[in-house]
Amino acid sequence: MGEAQEALKVLTVLGTRPEAIKLAPVIRELEAHPKEVRSLVCVTAQHREMLDPFLRLFEIRPDWDLNIMRPNQSLYDVTVGALGGLREVIEMARPDLVLVQGDTTTAFVAALAAFYEQTPVAHVEAGLRSYDKRNPFPEEMNRRLVDVLSDLYFAPTEAAKQNLLREGVEEHRITVTGNTVIDALFFVLEKTRGDERPMPFEPRAGQRLILVTAHRRESFGPGILKICQALRKIAEANEDVEIVYPVHLNPNVRGPVRQILHGEKRVHLVEPLDYCAFVQLMSRAYLILTDSGGIQEEAPSLHVPVLVLRKTTERPEGIEVGAAQLVGTEVDSIYQAVQRLLDDEAEYRRMASVPNPYGDGRAGRRIVEVIRAWGKGYGRRGG
């Protein structure tokens, strides 16, 4: 960038815990180039209680906090609250580029607001697809809409890039970067090295720990109920297994989980954990059952097999290389997949030894290199 040219103004927008985790490496890298980039951050606080600890952990200091979360909020509430607030922020900040991540309602609304203000959009984790617009809901449509509105695409894998190309995105706008969640994971592993934190539950010697997370909107109702019934069946059938389930704050999750699993022997329902504690718990797990996209990406770096509690996944790479298995939400399919890994040591070792297909911990650096080059060329408001 020429000496007379002002620093590129990049506004990063986030609203949830996963966005904070996955954008922290990018924000840190943007802030490492203050002469070239002016980094601004806006949080919608779509998930207030679950977001704030991660802002502190990664030392993210928002320039704007819309604080839109309300009790029992609907998708309408999040969308309307975020859109009105982001209009004011973008009009005030006048960024050269708006940076969003993933498939949240915050990401979609930020991309839409930027489009309305004729501001270019960069999408971290672009190109993921399940090709079922109602599963996961609303994430599949959110990420498709963000990609339609975007100008720069940071695809985590080659498969994600191919999805974008098939949809007509120009190849020069796409960069395969790896996933920034691996950057964040390595950061936390280094930060907590030698600092073993007390866990909400410590398994007895000889017990195998199964870690569970399940909270996605498309599982509300029958899906969560059947997942919990499967967990109860697993606990009853295996005396050498302890199940730990950090239960999401959403009442659509907490209600059925406590209804079915409260007081169940060898099932431990705990409050949501801070990320450092959760990473340590993942590293100690024998097996992870999850409907989380981020955990599908993280667990292979810790050599822990993953069973995905969903009907479809937009992260097929882990399935394809054998680090994960798609098991859905039916009781028998979950139970049988878990029992196979508990009983078949060779199959367990095979899944646990697969290299992580999602990244090498340098995605944030690659993303910011592209943004800096874009800013030097043609990426200026009105240019």
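**Close-up 1. Strand β5 and its parallel partner β6.** Strand β5 (residues 121-124) is joined by three bridges to strand β6 (residues 152-155), and the two run parallel. Helices (H or I, at least four residues) and strands (E, at least two) are DSSP runs, numbered from the N terminus, and two strands pair if DSSP finds at least two bridges between them. Look for His 123, which stands opposite Tyr 153 in β6. To get from β5 to β6, the chain goes through helix α5 (residues 139-149), and this β-α-β crossover is right-handed (with the strands pointing away from the viewer, the path from the first strand over the helix to the second runs clockwise). Bear in mind that this is a predicted model: local features need pLDDT of at least 70, side-chain atom pairs count only at pLDDT 80 or more, and totals for chains, interfaces and linings use all residues. Residues are numbered from 1 along each chain as its sequence is written, and side-chain values use heavy atoms, with hydrogens and water left out.

**Close-up 2. Strand β5 with β4, and where its side chains go.** Strand β4 (residues 97-101) pairs with β5 in the parallel sense, over four bridges. Here Leu 99 sits opposite Ala 122 of β5. Together with helix α4 (residues 105-116), β4 and β5 make a right-handed β-α-β unit. In a regular strand the side chains alternate between the two faces of the sheet. On β5, Val 121 and His 123 point one way, Ala 122 and Val 124 the other, and all are buried (under 20% relative accessible area, with exposed over 50% and partly exposed in between; 1.4 Å probe, protein chains only).

**Close-up 3. Helix α2 and what covers it.** Which residues of α2 (residues 48-57) are buried? They are Arg 48, Met 50, Leu 51, Phe 54, Leu 55 and Leu 57. Their cover includes β1 (8-14), α1 (17-31) and α10 (275-284). After α2 comes Glu 59, with a positive phi near 55 degrees.

Close-up 4. Tyr 245 is found in strand β9 (residues 241-246). Why does Tyr 245 count as buried? Because its relative accessibility is 1%. Tyr 245 and Val 257 are twelve residues apart in sequence, and their C-alpha atoms are 9.3 Å apart in space. Leaving aside neighbours within four places in sequence, Tyr 245 is in contact (heavy atoms within 4.5 Å) with several residues, among them Val 212, Ile 224, Leu 231, Val 257 and His 268.
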